[in-house]
Amino acid sequence: MKILIQGGHLVDPANGVDAQLDLFLEGGLVASVGEAPAGFEPDQVIDASGQIVCPGFVDLQARLREPGQEHKGSIDSETRAAARGGITTLCCPPDTSPVIDTPAVAKLVQERADQAARVRVAPIGALTTALEGEQLSEMVTLAEAGCIAFSNADLPVHNTLVLRRAMEYAASHSLLLMLQPQDAWLAAKGCVHEGVVGLRLGLSGIPESAETVELSRILMLVEQTGARVHFGQLSTGRAVQILRQAKRDGLPVSADVAAHQLHLTEMDLLDYSSDCHVIPPLRTQRDRDSLREGLRDGTLIAISSDHQPHDADAKLAPFAESEPGISALETLLPLTLRLVDEGVLSLEQAIACLTSGPASVIDNHNGHLGVGARADVCIFDPQQHWRLDAQTMQSAGHNTPFLGWDLKGRVTHTLLNGRLSYQEPSKKAED
Amino acid sequence: MNNKNIQLNKEGRLRHFLDIEGIKRQLLVEILDAAESFSSVEAQRVKKVPLLRGKTIVNLFFEPSTRTRNTFELAAKRLSADTLNVNISASATSKGESLLDMLHNLEAMHCDMFVVRHAQSGAAHFIAQHVAPHISVINAGDGSHAHPTQAMLDMFTIRRHKQAFADLKVAIVGDILHSRVARSQIHALTTLGVTEVRVIGPKTLIPDISTALGVHVYHDMWEGLREVDVVIMLRLQKERMTGALLPSEHEYYKLYGLTPEKLAVAKEDAIVMHPGPINRGVEISSEVADGPQSVILEQVSNGIAVRMAVMSILMGQSFSSDGEAGP
């Protein structure tokens, strides 16, 4: 299968490309950029004039709900949503049921994803057996079964000695840890940021220190063990500051931020909107600004979706009893592009946060479109305005505070291994 | 404050009573004035007015409470409404029937008003957002968020003793962090324009950010009570000891229990209030609770008049003592 993507503006941050260039794909790989290879006869030509052509997006955290919670979503439904969002690789956390702590579950997830054939799904293995924070999982065996990193999802490893041992063990085999820093005691029973809004609403708070205390505990152990750690979904400005210093000190750490944290704040909770119930919680405008600054100066290397689809009932309850999380795959690109419109990032930086940035965290050979790279491509119209509508959402979860928002930037085509995994319905007739 | 006006209808009249925050002074004064006229009904031999005849009011209590429920029930009966008490333990709802299913069931029985108490902050808002448009919701306490009728009966009691709010200094003592009563009192007092609201307690019960509510924070009770006109004591929940918020009841009483000695630094004519039920020897001494400055029992009787006022205003019925008083 040979595909020519013609007339588009190619943005490939990893290779420093930002120009109008044709892209030639063959056998699932990038055959050439700009000039047609000798004798290239495309089977398909995609007209990308007026559009941005870039590497397919790499999402460092998205829950697919399978196995175990198929009433909220399935690998089939959620990979459909991911492809619509321009995503070609996504990492799914181990808190499925059963937990991804055996090679069998890790393989099951990948096989189901292979059948769906829309997105490369990279499972994150459990750091401890059953995520109980006590016994180390068989990390090497899990890595052989395809796990690209290890995490305890949002469950705590209370015992610092266990955490240290896990990090030492991971470091001895060059395995990556992906940790969400939240001290379970400081966060206990909390459901919103501990601040003025939470106080007014009478909702239990999760203080900033829940994030900074745990981040600091892990950083001290990184210093001691040399383990490579990626921090997922930071939410506070203070954590960005601590991480900036840790990187300056040369620690092997990186971090991302969830797209919603860059646009929403605690003020969005004032009517008890359960769609804004997320963990870590929405924080202050100052935190939001610091997170944006962290992206701009490279302290934060990626924007993740932190996708968590839910059934309708999960959100139909008083705030604290509703389940946290946003169905976020389909808004990852427009929320990132919004930062370009607001002058926070350049277009190239924004695309790097979705491609080369996250790919570098998981040592994934994707995330760029150099010759010989896997042909994972996203084509989007940067100018198109659209509204997110529950009726047309591909995710089984419609839980998002962005319904009805005026979004700008719409994916028209997604290609995985040189094959179309998504095409915007209106574009189908034209091609 | 988006959507806070869920409490008001298009004409700016009260439709639900969920929270003092977001309600203008004029509406609060209207409630107090209406309560004033209803309090005369209670003094009559026949204590009933036909204002809400034919209306059905459901007391929907997801948290046990006899006192608050009793005053709501009496208020409804004195307005000639039919009442239904539904007590739901938390375990019953978790067993299957969802909160919304239960609401829709009650709606199908043609009820006009829900009086809701729930352990979760925002529960009354949630219910108000989902009920049929003709139903009014009164928040009878949601989690740590709000208890607006309690706050209004406290304002009513203060006004009876102090006439104007403008020059008052009011101190609220105790667990502000977890108290729905305190939040509603603070909003009511600041909306009604008192000079100064003070909150007194340790940092574990009064986080630093409390100043954002427009209050002055004191950790020393002797200092905080100086020259105040009103002292409002809050009930201390026993579970605050287990949560490492306080070392012991003994030390709490030593620091924040209201004794005659501490009360002496307040103004001579200061009144002492408590939403009840009181823990004698924990937050207040018996001498003060039963003493001449205490208006604690008055608060209870004022509760009925204030709840009658809120119910009739929500149902669009006004009442004046020299008008259609009594049957």
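Q: Let's start with A:A130. Is it buried, partly exposed or exposed?
A: A:A130 counts as partly exposed, at 33% relative accessibility. Keep in mind that this is a predicted model.

Q: Where does A:A130 lie in chain A?
A: A:A130 is in the loop between β10 (120-126) and α3 (139-144) of chain A.

Q: What is the phi of A:A130?
A: Positive, about 55°, although A:A130 is not a glycine. Most residues other than glycine have a negative phi.

Q: Now A:Y272. What about its phi?
A: A:Y272 has a positive phi too, of about 60°, and is not a glycine.

Q: And which loop holds A:Y272?
A: The loop between β16 (253-258) and α9 (285-296) of chain A.

Q: Is A:Y272 buried or exposed?
A: Buried. The relative accessible area of A:Y272 is 7%, and the cut-off for buried is under 20%.

Q: On to peptide bonds. What is the bond from A:E66 to A:P67?
A: That bond is cis, with omega near 0°. Most peptide bonds are trans.

Q: Where is A:P67 found?
A: A:P67 sits in the loop between β8 (57-59) and α1 (75-84) of chain A.

Q: And what joins A:S97 and A:P98?
A: A cis peptide bond, with omega about 0°. A:P98 is placed in the loop between β9 (87-92) and α2 (103-116) of chain A.

Q: Strands next. How many bridges join β12 to β15 in chain A?
A: There are 4 bridges between β12 (residues 176-179) and β15 (residues 228-231) of chain A. The two strands run parallel.

Q: Which residue is the bridge partner of A:L177?
A: A:V229, in β15(A).

Q: What about β15(A) and β16(A)?
A: They are joined by 3 bridges and run parallel. A:F231 stands opposite A:A255, which is in β16(A).

Q: Switching to chain B. How many helices and strands?
A: Chain B has 13 helices and 9 strands.

Q: How compact is chain B?
A: It is as compact as a globular protein of that length, because its radius of gyration is 20 Å, close to the 20 Å that the globule rule gives for 327 residues. The C-alpha atoms of chain B fill a box of roughly 55 × 50 × 35 Å along the principal axes.

Q: What share of chain B counts as buried?
A: 58% of the 327 residues of chain B.

Q: And how do the contacts in chain B split by sequence separation?
A: Take the contacts in chain B with a separation of 6 or more. Residues 24 or more positions apart account for 73% of those.

Q: What does the surface of chain B look like?
A: Chain B exposes about 13,300 Å², and carbon and sulfur atoms supply 51% of that.

Q: How many positive and negative side chains in chain B?
A: 34 positive and 36 negative. The centres of the two sets lie 3 Å apart.

Q: Last one, B:Q185. Where does it lie?
A: B:Q185 lies in helix α7 (residues 180-191) of chain B.

Q: Is B:Q185 buried or exposed?
A: Buried, with a relative accessible area of 0%.

Q: Which residues is B:Q185 in contact with?
A: Leaving aside neighbours within four places in sequence, B:Q185 is in contact with B:A151, B:D154, B:M155, B:I172, B:I232 and B:L234.

Key. Residues numbered from 1 in each chain as written. Chains lettered and ligands numbered in written order. Predicted model: local features only at pLDDT ≥ 70, side-chain atom pairs only at ≥ 80, totals over all residues. Heavy atoms only, no water. Rg over C-alpha atoms; globule rule 2.2 N^0.38 Å. Buried < 20%, exposed > 50% of the residue type's maximum accessible area, 1.4 Å probe, protein only. Contact = heavy atoms within 4.5 Å. Areas by Shrake-Rupley, 256 points an atom, 1.4 Å probe, with all protein chains shown as cover. Lys, Arg positive; Asp, Glu negative; His and termini not counted. Charge placed at Lys NZ, Arg CZ, Asp CG, Glu CD. Pairing = 2+ DSSP bridges.
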